[in-house]
Amino acid sequence: METLRVSGKSRPNAVAGAIAALLRTKGEVEVQAIGPAAVNQAVKAIAIARGYIQPENLDLTTQPSFVKLELEDEERTAVRFAITGVKTA
């Protein structure tokens, strides 16, 4: 599964485009964010991506979870959003 890392400075529209493209081609994507600003940008991007794929009779589901990451010899906790594309009627 492809992993997109979102920061507090990420542009939600750009991340949403990447999410939508991966849902169209692979059917799933993982988004990771560390910190409140990054989580905020990630959630906005997921909401925007949903609007991008709805005209194509697609929707998405997401399962948030925590994941421990090793960054620069220190352990950080990230919020992980496992996103799956779903066909609608």
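The side chain of glutamine 41 makes a polar contact, at 3.0 Å, with the side chain of lysine 44. (A polar contact is a pair of N or O atoms within 3.5 Å; within protein, one must be able to donate a hydrogen and the other to accept it, and residues adjacent in sequence count only if both atoms are side-chain atoms.) The model is a predicted one, so local features need pLDDT of at least 70 and side-chain atom pairs count only at pLDDT 80 or more, while totals for chains, interfaces and linings use all residues. Residues are numbered from 1 along each chain as its sequence is written, and side-chain values use heavy atoms, with hydrogens and water left out.

Glutamine 41 is found in helix H2, residues 36–53. Helices (H or I, at least four residues) and strands (E, at least two) are DSSP runs, numbered from the N terminus. With 11% relative accessibility, glutamine 41 counts as buried; buried means under 20% relative accessible area, exposed over 50%, and partly exposed in between (1.4 Å probe, protein chains only). Setting aside neighbours within four places in sequence, glutamine 41 is in contact with Val6, Ser7, Gly8, Ser10 and Pro12, where contact means heavy atoms within 4.5 Å.

Strand S1 (residues 3–6) runs parallel to S2, and 4 bridges join them; two strands pair if DSSP finds at least two bridges between them. On the antiparallel side, S2 pairs with strand S4 (residues 74–87) over 6 bridges, and there the bridge partner of alanine 33 is valine 79. How many residues of strand S2 are buried? In S2 (residues 28–33), 5 of the 6 are, so this strand is largely enclosed by the rest of the structure.

Zooming out, the protein has 2 helices and 4 strands, and along the sequence they follow the pattern β-α-β-α-β-β. The radius of gyration is 13 Å, close to the 12 Å that the globule rule gives for 89 residues, so the protein is as compact as a globular protein of that length. That radius is taken over C-alpha atoms, and the globule rule is 2.2 Å times the number of residues to the power 0.38. Buried residues make up 35% of the 89 residues. Among contacts with a separation of 6 or more, 68% come from residues 24 or more positions apart.
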